[in-house]
Amino acid sequence: MNAAPAPRSETEASGQHDGGYTGPARHVAIIMDGNGRWAKKRLLPRAVGHKRGVDAVREVVRAARHMGLEALTLYAFSSENWKRPEDEISDLMGLLRAFIRSDIDEFAANDVRLKIIGNYKVLPADIVAMIEDALARTAHNSRTTLAVALNYGSQQEIARAAAAAAAKGEVTVATIEAELDTADMPPLDLLIRTSGEVRLSNFLLWQAAYAEMWFTDVLWPDFTPGHLREALDHYATRERRYGGR
Ligand code: IPE
Ligand code: IPE
Ligand code: MG
């Protein structure tokens, strides 16, 4: 039998490391879940939970910037969330409009680059226009990338990336990765999900291959910069091995 050494792993080509000491996290992603349950506990309409969720987003983005994260990816609306009742979808779109309107100046002024992952072009036309304006206004910022996942589904992203790689020639880990929505971002270090659910719900399936995971029972509207700090402190204690030893 041919005892050739293991080939240089494809993941090395994809920017992942050999493991060992965990440096500071560069890229954190959050599945912001539990708005509905937060509202239900208080006998409030779900829309109030979503609104308080937006307030939590604002604080967490500020904190990510202050903590020196290079990238923060937030799951705001999945490709499966279209299954929700029309009035809830409409509340969420309204909040998205209001958020872009109220917060884009702060991003622009604080060196935050906005990025969207997922197919946002099918959102209502006025939101698409607002997003494109916000993307253009923050395109040259470089301190922190805020990637918002809108109409995002990871399986769809991977299928599209594989097809794009095939159209250009070779299909490999590296060529697929180069076509993902996250291609220009640092590798995912830490994935957080709030609300006690322990599943990925079609979020960053590829990117999470060697990410650390942090699941908390805290409902998203109650999530504070202190919780982010806690997750990052936990992250700092992890030894990442990437299959090595
Ligand atoms: C997360 O909160 C927000 C979105 C998915 C848009 P949910 O609305 O899923 O809240 P729960 O899971 O019902 O509590
Ligand atoms: C995931 O939460 C999507 C977002 C947070 C935007 P969901 O509430 O949609 O996930 P499931 O349905 O509980 O898996
Ligand atoms: Mg949910």
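## Surroundings of ligand 1

Ligand 1 is surrounded by 13 residues, of which the closest are Asp33, Gly36, Arg37, Arg46 and Arg84; a residue is near a molecule if one of its heavy atoms lies within 4 Å of it. The model is a predicted one, in which local features need pLDDT of at least 70, side-chain atom pairs count only at pLDDT 80 or more, and totals for chains, interfaces and linings use all residues. Residues are numbered from 1 along each chain as its sequence is written, chains are lettered from A and ligands numbered from 1 in the order in which they are written, and side-chain values use heavy atoms, with hydrogens and water left out.

By class, the shell around ligand 1 holds three nonpolar, five polar and five charged residues. In this scheme Ala, Val, Leu, Ile, Met, Phe, Trp, Tyr, Cys and Pro count as nonpolar, Asp, Glu, Lys and Arg as charged, and the others, Gly among them, as polar. Helix H2 (35–41), helix H3 (46–66) and H4 each contribute at least two residues to the shell around ligand 1, and H2 gives the most, with three residues. Helices (H or I, at least four residues) and strands (E, at least two) are DSSP runs, numbered from the N terminus.

From the backbone, an N or O atom of Gly34 lies 3.4 Å from an oxygen atom of ligand 1. From side chains, an N or O atom of Arg46 is 2.8 Å from an oxygen atom of ligand 1, and an N or O atom of Arg84 is 2.7 Å from an oxygen atom of this ligand. On its own, ligand 1 has 380 Å² of accessible area, and the protein covers 86% of that; accessible areas come from the Shrake-Rupley method with a 1.4 Å probe, and for residues only the protein chains shown count as cover.

Ligand 1 sits in the largest pocket. On a 1 Å grid over the protein atoms alone, a pocket is an open set of points with protein on both sides within 12 Å along at least five of seven lines, whereas a cavity is a set of points where a 1.4 Å probe fits but cannot get out; lining residues have an atom within 4 Å of a point. A molecule sits in either if more than half of its atoms lie within 2 Å of its grid points.

Around ligand 2 are Ile31, Met32, Asp33, Tyr75, Ala76, Phe77, Asn81, Arg84, Arg193, Arg199 and Ser201. Five of the shell residues are nonpolar, two polar and four charged. Strand S2 (residues 71–78) gives the most to this shell, with three residues.

Polar side-chain atoms approach oxygen atoms of ligand 2 from Arg199 at 2.7 Å, from Asn81 at 2.9 Å and from Arg84 at 3.2 Å. The protein buries 78% of the 390 Å² that ligand 2 exposes when taken alone.

Ser78 belongs to strand S2 and is buried, with a relative accessible area of 6%. Buried means under 20% relative accessible area, exposed over 50%, and partly exposed in between (1.4 Å probe, protein chains only). Ser78 and Gly118 are 40 residues apart in sequence, and their C-alpha atoms are 8.3 Å apart in space.

Strand S3 (residues 112–117) contains Lys115, which is buried at a relative accessible area of 11%. The side chains of Lys115 and Asp184 are joined by a polar contact of 2.9 Å.

Asn151 has a phi near 45 degrees, a positive value in a residue other than glycine. Asn151 is placed in strand S4 (residues 144–152) and counts as buried at 11% relative accessibility. Leu204 also has a positive phi, near 45 degrees. Leu204 lies in the loop between strand S5 (190–193) and strand S6 (212–215), and at 0% relative accessibility it counts as buried.

Ser102 is located in helix H4 (residues 86–109) and is partly exposed, with a relative accessible area of 48%. Between Ser102 and Tyr152 there are 23 Å in space, C-alpha to C-alpha, and the two are 50 residues apart in sequence.

Key
Polar contact = N/O pair within 3.5 Å; in protein donor to acceptor, adjacent residues only side chain to side chain.
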